[in-house]
Amino acid sequence: MEIVFKNVMETLVLQKLEAMLDKLDCCKCEKCRLDIAAYALNHLPPKYAVSRVGEVLSKLNVLSVQHEADIISLLVMGADIVKNNPRHNTTEK
């Protein structure tokens with residue numbers, strides 16, 4: 001039997017980033033979006049699940065007001081850092 005781990009926090013961060021992208025004053029290219037998400041994920045605790053039920057329970061646990069505030073705060077900080085230090089050429093946007 002193959003065991004598959006899923007970091008539920010990754011899904012939540014990417015969903016929140018997409019929802020906030022228009023409000024963030026930064027480049028919206030794929031490279032910058034991934035850099036912003038990586039910044040946030042590197043500062044958040046991982047939440048692993050190995051089943052669909054576990055994934056749902058982890059999402060419910062993580063979606064507390066404080067966790068959501070932490071995700072938003074880290075995405076804003078990440079966007080600011082990426083905006084000031086983009087890893088792409090300005091012609092790549």
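Colleague: Which residue's side chain meets that of Asp25 in a salt bridge?

Modeller: Asp25 meets Lys83, at 2.8 Å from N to O, where a salt bridge is a side-chain nitrogen of Lys or Arg within 4 Å of a carboxyl oxygen of Asp or Glu. The two partners come from distant parts of the chain, since Asp25 sits in the loop between H1 and H2 while Lys83 belongs to helix H4, 58 residues away. Please keep in mind that this is a predicted model, in which local features need pLDDT of at least 70 and side-chain atom pairs count only at pLDDT 80 or more, while totals for chains, interfaces and linings use all residues. Residues are numbered from 1 along each chain as its sequence is written, and side-chain values use heavy atoms, with hydrogens and water left out.

Colleague: And is Asp25 buried or exposed?

Modeller: Asp25 counts as exposed, because its relative accessibility is 60%, whereas Lys83, at 40%, counts as partly exposed. The cut-offs are under 20% relative accessible area for buried and over 50% for exposed, with partly exposed in between (1.4 Å probe, protein chains only).

Colleague: How many salt bridges does the structure hold?

Modeller: The structure holds 5 of them. In one of these, the side chains of Lys16 and Glu68 come together at 2.5 Å, again from N to O. Lys16 is in helix H1 and Glu68 in helix H4 (residues 65-84), so this pair ties together parts that lie 52 residues apart in sequence. Lys16 is partly exposed at 22% relative accessibility, and Glu68 is partly exposed too, at 29%.

Colleague: What does Asp35 pair with?

Modeller: Asp35 forms a salt bridge with Arg87, and their closest N and O atoms are 2.8 Å apart. This pair also links distant parts of the chain, with Asp35 in helix H2 and Arg87 in the segment after H4, 52 residues apart. Asp35 counts as buried because its relative accessibility is 17%, whereas Arg87 counts as exposed at 57%.

Colleague: How far does H1 reach?

Modeller: Helix H1 covers residues 8-20, which makes 13 residues, and reaches 19 Å from its first C-alpha to its last. That is close to the 18 Å expected, a span found as 1.5 Å times one less than the number of residues.

Colleague: Which residues of H1 are buried?

Modeller: They are Val8, Met9, Thr11, Leu12, Val13, Leu17 and Met20. For the whole protein, 33% of the 93 residues count as buried.

Colleague: What about Phe5, where is that?

Modeller: Phe5 is in the segment before strand E1 (6-7), and it counts as exposed because its relative accessibility is 61%.

Colleague: And where does Ala38 lie?

Modeller: Ala38 lies in helix H2 (residues 30-42), and with a relative accessible area of 34% it is partly exposed. Ala38 and Leu75 are 37 residues apart in sequence, yet 9.3 Å apart in space from C-alpha to C-alpha.

Terms used. Helix = DSSP H or I, 4+ residues; strand = E, 2+ residues; numbered from the N terminus.
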